[in-house]
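Trainee: I am new to this one. Can we go through it step by step?

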Amino acid sequence: MIKSFRSLFLVFLTALFIVPQTAFGFGDLPQSNPYFEDAEFLKQEGIYTDDLFQPEKTISQKEFIQWLLKSEHFDPNTYTIRTKNRFLDVPVQNSESKFIYYLVDLGAIKIPETRKFMPDAAMRRLQALRL
């Protein structure tokens with residue numbers, strides 16, 4: 001009996017350390033967290049692929065926009081920016097620019113007189129999930 005218990009325990013430990021973290025969700029976000037399902041959705045959809053969610057870490061505006069549009073299956077490779085008005089801090093050749101300018105083209109983001117978007121401005125990830 002003790003030998004079979006040890007064997008079972010060793011199998012469990014092996015699975016715990018060898019099976020990819022994705023099989024267990026995020027290592028730093030317990031299932032009891034009220035935002036676990038939302039974070040898990042991001043992972044399952046390929047929107048967020050890290051093993052740790054880091055719920056207290058900030059997220060930039062550009063990263064949040066990417067999450068939002070990836071969740072709607074937006075493909076930046078097939079999108080052509082239509083607006084001629086541009087942000088000074090979001091160059092068109094930047095890989096994230098199509099995500100931002102897509103929302104400009106839809107009218108969801110307005111370009112202010114300063115023509116600044118501040119794509120790296122931070123927000124808490126949990127704040128973003130609440131939106």
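This is a predicted model: local features need pLDDT of at least 70, side-chain atom pairs count only at pLDDT 80 or more; totals for chains, interfaces and linings use all residues.

Trainee: Which element has the highest mean pLDDT?

Mentor: Start at the other end of the scale. Helix α1 (residues 2-18) has the lowest mean among the elements, 39. Over residues 1-24, pLDDT stays under 50, and the model has 8 contacts there beyond four places in sequence. The highest mean, 94, belongs to helix α4 (residues 97-106).

Trainee: In what order do the elements run from the N terminus?

Mentor: The protein has 5 helices and 2 strands. From the N terminus on, the order is α-α-β-α-α-β-α.

Trainee: What share of the contacts with a separation of 6 or more joins residues 24 or more positions apart?

Mentor: Take the burial first. The protein has 131 residues, and 35% of them count as buried. Among contacts with a separation of 6 or more, the share from residues 24 or more positions apart is 63%.

Trainee: How are the rings of Y48 and F53 arranged, stacked or edge-to-face?

Mentor: The model has 11 aromatic pairs. In the pair of Y48 and F53, the centres are 5.4 Å apart and the planes are at 70°. Planes over 60 degrees apart count as edge-to-face. Both residues are buried, and their pair is edge-to-face.

Trainee: How many residues apart in sequence are the parts that Y48 and W67 tie together?

Mentor: Their ring centres are 5.5 Å apart and their planes are at 75°, so this pair is edge-to-face. Y48 lies in the loop between α2 (36-44) and β1 (58-60), while W67 lies in helix α3 (residues 61-71). The pair therefore ties together parts whose separation in sequence is 19 residues.

Trainee: Why does W67 count as buried?

Mentor: Buried means under 20% relative accessible area. Y48 passes, with 4%. W67 counts as buried because its relative accessibility is 6%.

Trainee: Which residue lies over the face of F26?

Mentor: F26 forms one aromatic cluster with Y48, F53 and W67. At 4.5 Å from the ring centre of F26, the residue over its face is K43.

Technical notes. Residues are numbered from 1 along each chain as its sequence is written. Side-chain values use heavy atoms; hydrogens and water are left out. Rings of Phe, Tyr and Trp (its six-membered ring) pair if their centres lie within 6.5 Å; planes under 30 degrees apart count as stacked, over 60 as edge-to-face and the rest as tilted. Buried means under 20% relative accessible area, exposed over 50%, partly exposed in between (1.4 Å probe, protein chains only). Helices (H or I, at least four residues) and strands (E, at least two) are DSSP runs, numbered from the N terminus. A charge sits over a ring if NZ of Lys or CZ of Arg is within 6 Å of the ring centre and within 35 degrees of the ring normal. Contact means heavy atoms within 4.5 Å. pLDDT is the predictor's confidence in each residue, from 0 to 100.
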